[in-house]
Amino acid sequence: MSEILELKNISKSYGETKVLDNISFKINNNEFFTILGSSGSGKSTIIRMIGGFVKPTSGQIFYENNIINEQPIFKRPFNTVFQDYALFPNMNVSNNVGFGLKIKNVNILKIKEKVQEVLQIVGLENFSDRMPQELSGGQQQRVALARAIICEPKVILLDEPLGALDAELRKQMQLFLKEIQKKIKISFIFITHDQEEAIFLSDRIAVLNNHKFEQIGSPKDLYYSPKTTYMAKFFGECNLIACKVVDKKMDSIVVESEFGQLLINHSIDKSIGDSLTFGIRPEEIKILDQSSSNSIEVIIKDVEFRGSTSNLNVKSQHSEKYLKIQNISSNISQPFQQGDVINVELNTGVGTIFKDETIS
Amino acid sequence: MAILTGLIVAALYTPIFLTIFYSFYKTRKGKVDWTSFSYEPYTKLIFEKQILESLMNSIYVGVVTVICSVVIGFYFANYYHTSKSKMKEFLQFIIFLPFLLPPIITGLSLLIFFREINLPRSLNTVVIGHTIFVLAIVFKIILNKLETLKPSLMESAYDLGASKFQAFWYVLLPNIKLSLIIAGLLAFTISLDETLITLFLIGNDTTWPIKLWAKMRVGFSKQVNASVTLILILTSFLVLLIASIISRSEKKITY
């Protein structure tokens, strides 16, 4: 995969307020790239910079290895799908979609042909004469996308396009976006604050926190190999356990924690006496019928039935620390009561060790 | 309640309708002569050159005022809407000032100014006075419309490759067209019956309201009644037109 776009050491401030602090990333050809962050984290600013609406305070934006910082909006080979769709209320669907070509003085017959083709891609071929006001939110969304696609941009920038839709429609549109991106083979840079949406759609995700990228990687990378404790808690849930190394073996370490001694199957560059944070997902903790060599004893505080799965909140025997355990409901053979003492085993092979961090 | 309301309405608005009435009928010693119905004042009006001429002057002033105030009003409103400068509040204050000040002050200041720069008084100085006066309303109407448009509208036009002019022509203008028409019609109506500022700024010409005023001082004539009736009809028509445009555009906006 070849790179098409690169942002290098980009910072942006409005007066005294810092919005982005030295961020860098690259976009590959045909990639679905998502920027994930809470509202106000500066994620929209990133794509507004790529689109040319905002200038970076410092840093460079490269397109095919050329700096495009100073290139005006209308010359950039990118198109934006705005959060509020921004369809032109004075034009019907086909004129909205054909606008980009009309501006480029494309032959009118050619525009008509292209508009029909693109409307077919987004499934609105029977709506070409409607006015935007007569369309539902989802349909307006498709028109906005068609309007961007028709210009054959190298990258389509989508600024929280699903934010205004209700849950059901949102799911449909996610599927639609994913399929369409594969079909037209254009890179998408997608903005969202919804983690599930990001995981479902993206080839890669960049998580924005405190004006910086916390981590960039595939959804699986981010879930199974979070680089920071923030990341561990950002995607789904994660138990973070403070530990002290008490013994070291070839490919594992023994640590002392508030839950007792644990054997962690990781080879790690730590000496006896060092402290570390061990993170493990709730579904990687197994409930045992009997104690085993690597199990720990915990007390059940409460059981949350969630349909196919159940969550158990358990407390350490030795301290006030809690662990969250997730299990398939049908796997939990006996009904648990609050106060029961059970044996659990941590699948430490898939857990993550955060070296120098204290639990945040 | 209904009766009281009816009485107040009658007391307030009867004179207006009486004017229309008297343009058709003659009165003798306070009594209406019912047999005297005629269109004569209207036909005579056509030959009353001075009144017609003053009416044409008023229409000229009105039309030029509309053109000037809508162009300048749009320019200022667009500047106010898009600019981040703190000076824009001052701009708005200046625009509103002549509309809020007593017209005498506005008229007098302009008169002194024109005299200072040796600009002879004419219909054109009246146009300048009227433009300054109506600009506040035109500015406000256009600004209100601009503020209802999403900022992303122009941005998406640029994003799709439009130049500034193309974005203005294909996207902005069609979307504010109605407010420009409404602002223009209002400006025309206001300009048509403006008297005080006009009095200060007019030279040897005369506008329609001033002509009527002059005529009244030497006694009533049926032609005055007739021309008032005509203007009443014209103004009502304009007001109804504005109202229907507004209600139509509102319907269009509701999704």
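Biologist: Which residue of chain A does B:E155 form a salt bridge with?
Modeller: B:E155 forms a salt bridge with A:R48, and the closest N and O atoms of the two are 2.7 Å apart. Please bear in mind that this is a predicted model.

Biologist: How many salt bridges are there across the interface of chain A and chain B?
Modeller: The rule finds 1 salt bridge across that interface.

Biologist: And how many residue pairs are in polar contact there?
Modeller: Between chain A and chain B there are 7 residue pairs in polar contact, both residues of each being at pLDDT 80 or more.

Biologist: What area do chain A and chain B bury between them?
Modeller: The two chains bury about 1,900 Å² between them, and 61% of it lies on carbon and sulfur atoms. Of the area that chain A buries against chain B, 26% comes from A:F74, A:I103 and A:Q133, more than from any other three residues.

Biologist: Changing topic: in what order do the strands of the 4-stranded sheet in chain A run?
Modeller: That open sheet has the order 2-1-4-5, with antiparallel pairing. Its edge strands are strand 2 (17-28) and strand 5 (66-67) of chain A, each of which pairs on one side only.

Biologist: Over how many bridges do strand 1 and strand 2 of chain A pair?
Modeller: Strand 1, residues 3-14, pairs with strand 2 of chain A over 8 bridges in the antiparallel sense. In strand 2 of chain A, A:N28 is the bridge partner of A:E3.

Biologist: Which helix of chain A packs on the sheet?
Modeller: Helix 1 of chain A, residues 43-51, packs on the sheet and touches strand 1, strand 2 and strand 4 (58-63). The direction of helix 1 makes about 120 degrees with that of strand 1 of chain A.

Biologist: What about the open sheet of 5 strands in chain A; what is the order there?
Modeller: The order is 15-19-16-17-18, and the pairing is antiparallel.

Biologist: Why is one side of strand 15 and of strand 18 of chain A left without a neighbour in the sheet?
Modeller: Strand 15 (285-288) and strand 18 (322-328) of chain A stand at the edges with a single partner strand each, so one side of each has no neighbour in the sheet. From one strand to the next, the twist averages 45 degrees.

Biologist: How many bridges join strand 17 and strand 18 of chain A?
Modeller: Strand 17, residues 309-316, and strand 18 of chain A pair over 7 bridges in the antiparallel sense. A:T309 stands opposite A:I328, which belongs to strand 18 of chain A.

Biologist: Finally, how many helices and strands has chain B?
Modeller: Chain B has 11 helices and 2 strands. Along the sequence, the pattern of chain B reads α-β-β-α-α-α-α-α-α-α-α-α-α. The C-alpha atoms of chain B fill a box of roughly 75 × 55 × 35 Å along the principal axes.

How values were computed:
Residues are numbered from 1 along each chain as its sequence is written. Chains are lettered from A and ligands numbered from 1 in the order in which they are written. This is a predicted model: local features need pLDDT of at least 70, side-chain atom pairs count only at pLDDT 80 or more; totals for chains, interfaces and linings use all residues. Side-chain values use heavy atoms; hydrogens and water are left out. Buried area is the accessible area (1.4 Å probe) that two parts lose on being put together, summed over both. A salt bridge is a side-chain nitrogen of Lys or Arg within 4 Å of a carboxyl oxygen of Asp or Glu. A polar contact is a pair of N or O atoms within 3.5 Å; within protein, one must be able to donate a hydrogen and the other to accept it, and residues adjacent in sequence count only if both atoms are side-chain atoms. Two strands pair if DSSP finds at least two bridges between them. Axes are lines fitted to C-alpha atoms, for helices over the stretch in contact, and angles run from 0 to 180 degrees between N-to-C directions. Contact means heavy atoms within 4.5 Å.
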